[in-house]
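Subject: Handover of a structure and findings

Dear colleague,

Please find the structure below, followed by an account of what was found in it.

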Amino acid sequence: MNSKVVFLMPDHPECKLTVFLREGSSERRPTVVVCPGGGYGCVCSDREGFPIAEYYYNAGFNTCILEYTIVSQTAEKLGYLPAIQVGLAIKYMRENADELGVDTERIFTCGFSAGGHLAASAGILWDRPEVLAAMGDAPVGINRPNGMILSYPVITAGKWAHRGSIANLLKKPDYTEEEGNIFSLEKHVTPNTPPMFIWHTVTDACVPVRNATLLMDAYLENGLRFEAHIFPKGPHGLALANEITYGNNPDMHDLHVAEWIGLSAEWIKNFDRYTK
C-alpha cells in the first residue's frame, strides 16, 4: 500500500495521519480512521493500527491511522486535544475527498481501548466549543464521523473506569468525579450521536465490559441504533484476535472473537440498512 503522512497541527508535530492511497481509482469509498490504543500513554500502532488499516483497505475501504498526542508529549493536560486531533483527521478526509476518493457520508472512526475512547469522542464530543473552535471556519459537523467502531473501549470515568486512561487524559491521577464526568462519554450521548458498532469480552480484566454496556444503555435511552457483540471470553487487547496480532500468546488467538472485524466491515457496507 502506498501512503503519505499528513501533519494535522503545526504546534503538535507528533500528531500525524498516515493515509493509505489508492492510485488510479476515483471511486468514492467508505473511509476508516483508525485510532490505536495505549491508555493515552502510548500509541500501539503495531497491533491496533497497521494490521487493522490493512484489513479495511483490503476490504475495499479507504483507511488511515491517527497518531495522536499522548500525556508525555505535552506539559498541559490532554483534555480535548485528542478529540480535536481526530476531528482534524476527519476534516482532512472530507476536505480532500475528491483527491482521495472519499465518500463523505461514510467516514468511520475505529478505536481500541483508550483509542476506542478517542474514536467514540469523535462522535460524542464533536460539538464541544473547544473542539469546534479548532475546526476554524469549516462547516459545522465537518469533524463528525458518520459512525464509530469501538473495540473494548474505555468509556466511563466512574466506577468501572480504566482510571489510568482518564488520569492520563486529565494529567491528574486523583481526578475528581466532576473532572472525570467531562470525559465520561456515556453521560454525553445525545440523539445526534452517530451509530456505533461495539464489541467487548466479558472477562476483560483491564477495561471492564461495563464500559460497553454503559454506552449501550445511553444509546438505548436516546433511541439510537447500534450493533454490539459481547464475547464470553478473552483478555484485553485482542486486536484482530488472530495469527496476525496474537504475538505467540495463545490467549490472544480466538477465531470466534476474530469474527468481529468481518462483521464490522459488513456493517459499514450495509450502513443504511443497519442504521436507518
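Just after helix H2 (residues 50-58), Gly60 takes a positive phi of about 105°. Helices and strands here are DSSP runs, numbered from the N terminus, with helices being H or I runs of at least four residues and strands being E runs of at least two. The buried residues of H2 are Pro51, Ile52, Ala53, Tyr56 and Tyr57, where buried means under 20% relative accessible area, exposed means over 50%, and partly exposed lies in between (1.4 Å probe, protein chains only). An α-helix has 3.6 residues a turn, so residues three or four places apart point the same way.

The model is predicted: local features need pLDDT of at least 70, side-chain atom pairs count only at pLDDT 80 or more, and totals for chains, interfaces and linings use all residues. Residues are numbered from 1 along each chain as its sequence is written, and side-chain values use heavy atoms, with hydrogens and water left out.

Two further positive phi values deserve mention. Most residues other than glycine have a negative phi, and most peptide bonds are trans. Ser113 has a positive phi near 55° and is not a glycine. Ser113 is placed in the loop between strand E5 (102-112) and helix H5 (114-124), and Ser113 is buried at a relative accessible area of 8%. Ala239, also not a glycine, has a positive phi of about 55°. Ala239 lies in the loop between E8 and helix H10 (259-269), and its relative accessible area of 0% makes Ala239 buried.

I turn next to the strands and the nonpolar cores. Strand E1 (residues 2-7) pairs with strand E2 (residues 16-21) in the antiparallel sense over 6 bridges; two strands pair if DSSP finds at least two bridges between them. The bridge partner of Phe7 in E2 is Lys16. E2 is also joined to strand E4 (residues 62-67) by 5 bridges, and these two run antiparallel.

Which residues of the largest nonpolar core touch the most other members? They are Leu8, Leu17, Leu66, Met93 and Leu215, in a core of 61 residues. A nonpolar core is a set of buried Ala, Val, Leu, Ile, Met, Phe, Trp, Tyr and Cys residues joined through side-chain atoms within 4.5 Å. Helix H3 (residues 81-95) gives the most to this core, with 9 residues. Leaving out residues up to four places away in sequence, Leu17 touches residues including Val6, Leu8, Val33, Leu66, Ala89 and Met93, contact meaning heavy atoms within 4.5 Å. A second, separate core has 30 residues, among them Ile52, Leu238, Ala239 and Val257.

The aromatic residues come next. Rings of Phe, Tyr and Trp (its six-membered ring) pair if their centres lie within 6.5 Å; planes under 30 degrees apart count as stacked, over 60 as edge-to-face and the rest as tilted. By this rule the count comes to 15 aromatic pairs. The ring centres of Trp199 and Phe231 are 5.9 Å apart and the planes lie at 80°, so this pair is edge-to-face. The pair links distant parts of the chain, with Trp199 in strand E7 (residues 196-201) and Phe231 in strand E8 (residues 226-231), 32 residues apart. Trp199 and Phe231 are both buried. One aromatic cluster is formed by Phe112, Tyr152, Trp199, Phe231 and Trp260.

Strand E7 also holds His200, which is buried with a relative accessible area of 0%. Apart from neighbours within four places in sequence, the contacts of His200 include Tyr152, His229, Ile230 and Phe231.

Charges over rings were examined as well. The charged end of Arg22 sits over the ring of Tyr57, 3.9 Å from its centre; the criterion is that NZ of Lys or CZ of Arg is within 6 Å of the ring centre and within 35 degrees of the ring normal. Arg163 lies over the face of Tyr175, at 4.1 Å from the ring centre.

Finally, the cysteines. A search of the whole structure finds 0 disulfides, a disulfide being a pair of cysteine sulfur atoms within 2.5 Å. For Cys42, the nearest cysteine sulfur is that of Cys44, 3.8 Å away. Cys42 is partly exposed, at a relative accessible area of 35%.
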